[in-house]
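My notes follow, in the order I looked things up.

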Amino acid sequence: MIKVLLSRLLRLVLTLLAVSFITFMMVKLLPGDPVNTLLPPDAPRTPEIVAQIRADLGLDDPVWQQYLDWLGSALSGDLGTSYVTDQPVSEIIKDRFPVTFELALFATLIALVFAIPAGIVGAYREGRMIDKTTSAALSVALSIPNFIAGLFLIWLFTVQFQIFPSTGWSRLTDAGLWANFETAFLPSLALALAPMAIYARLLRADMIGVLKEDYILSARAKGLRDRYILFRHAFRPSTMSLMTVIGLTFGALLGGTVVIEQLFALPGLGSRLISAINQRDIIVIQGITVFIAAMYVIINTIVDLLYLVVDPRIRKG
């Protein structure tokens with residue numbers, strides 16, 4: 001068990017290093033010179049001034065040295081300072097990441113609340129009317145882009161029924177639970193549609209296979225109730241693939257809330273990343289991108305370790 005944990009942690013560290021290096025190099029390939037961002041529009045741009053600023057920023061150093069310098073600072077929690085706002089990138093992430101994280105978490109929970117019953121019912125009633133109806137509804141949910149879903153939800157719940165606000169964000173620590181829920185529900189629901197369809201389809205397919213296993217047939221022969229068989233014997237073995245996909249989609253949501261954050265005017269990490277791209281704020285782009293990539297890798301490593309808890313066969317292996 002300890003050996004497995006150590007190997008997973010070693011793989012995590014190596015993956016994070018690879019991700020940080022690749023991201024660093026990709027950001028370096030972006031068009032534009034950071035010096036143009038630093039200098040005011042009316043400031044002189046003589047070769048001497050530009051060369052001095054580049055030297056002060058270390059932009060003339062070899063790329064490998066720039067990466068090692070950045071990595072050393074990043075390991076101590078310093079991701080650099082914005083060229084535009086002069087705000088530390090770590091503070092930007094600290095201020096905005098809770099919004100993005102809550103959206104991704106809430107969207108995942110909403111998706112699971114609908115997907116688990118739909119998957120179980122679809123597997124139990126395979127081929128019947130309720131299964132066909134559910135499958136058709138899931139196909140529609142999967143095919144709708146989240147920004148289209150967001151616009152429809154705004155029209156329905158804001159314009160027509162005036163239940164939820166269409167823009168703005170109320171922090172849980174400042175405004176309370178209900179105010180936070182009001183501002184988080186619509187964007188989270190818009191983000192949840194595609195994962196909900198994926199989760200339900202995957203769970204249905206896995207449960208159909210599990211329900212045909214010999215030990216399930218044996219349990220039915222013993223006269224056990226269908227509800228007991230479904231939740232006691234069939235559901236848990238069917239969640240292995242679902243856990244993997246939850247980790248993947250949750251990590252993807254952390255970096256994929258950009259459009260929804262823009263649509264609902266939310267102060268999340270994605271909207272700040274778009275602003276940094278428009279401003280050519282390389283340090284902010286680099287810091288946020290590496291942070292999101294690192295979170296994606298860490299979350300999937302945690303899911304990988306959860307297999308040891310869920311499936312005893314992996315522990316024994």
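Which residues does tyrosine 199 touch, not counting residues up to four places away in sequence? I get Thr108, Ala111, Leu112, Ala115, Leu242, Val245, Ile246 and Thr249, with contact meaning heavy atoms within 4.5 Å.

Ground rules before I go on. This is a predicted model, so I take local features at pLDDT of at least 70 and side-chain atom pairs at pLDDT 80 or more, while totals for chains, interfaces and linings use all residues. Residues are numbered from 1 along each chain as its sequence is written, and side-chain values use heavy atoms, with hydrogens and water left out.

**Cores.** I looked up the largest nonpolar core, and it has 61 residues. Such a core is a set of buried Ala, Val, Leu, Ile, Met, Phe, Trp, Tyr and Cys residues joined through side-chain atoms within 4.5 Å; buried is under 20% relative accessible area, exposed over 50%, partly exposed in between (1.4 Å probe, protein chains only). Tyr199 turns up again here: along with Trp70, Ile93, Phe185, Leu254 and Ile288, it touches the most other members. Helix α5 (residues 89-124) supplies the largest share of this core, 14 residues. Helices here are DSSP runs (H or I, at least four residues), numbered from the N terminus. I also found a second, separate core of twelve residues, with Ile208, Ile229, Leu230 and Ala234 among them.

**Salt bridges.** How many does a search of the whole structure find? I get two, counting a side-chain nitrogen of Lys or Arg within 4 Å of a carboxyl oxygen of Asp or Glu.

- Arginine 171 pairs with aspartate 95, closest N and O atoms 3.4 Å apart. Arginine 171 is in the loop between α7 and α8 (172-175) and aspartate 95 in helix α5, 76 residues apart. I have arginine 171 as partly exposed at 24% and aspartate 95 as partly exposed at 41%.
- Arginine 204 pairs with aspartate 131, closest N and O atoms 2.9 Å apart. This one links helix α9 (residues 177-210) to helix α6, across 73 residues. Aspartate 131 counts as buried at 4%, whereas arginine 204 is partly exposed at 23%.

**Aspartate 281.** I checked this one in the loop between α14 (269-279) and α15 (282-310). Aspartate 281 is buried yet has no salt bridge; arginine 272, the nearest side chain of opposite charge, is 4.2 Å away. Leaving aside neighbours within four places in sequence, I list its contacts as Ser82, Tyr83, Val84, Arg272 and Ala276.

Methods:
Helices (H or I, at least four residues) and strands (E, at least two) are DSSP runs, numbered from the N terminus. Lys and Arg count as positive and Asp and Glu as negative; His and the chain ends are not counted.
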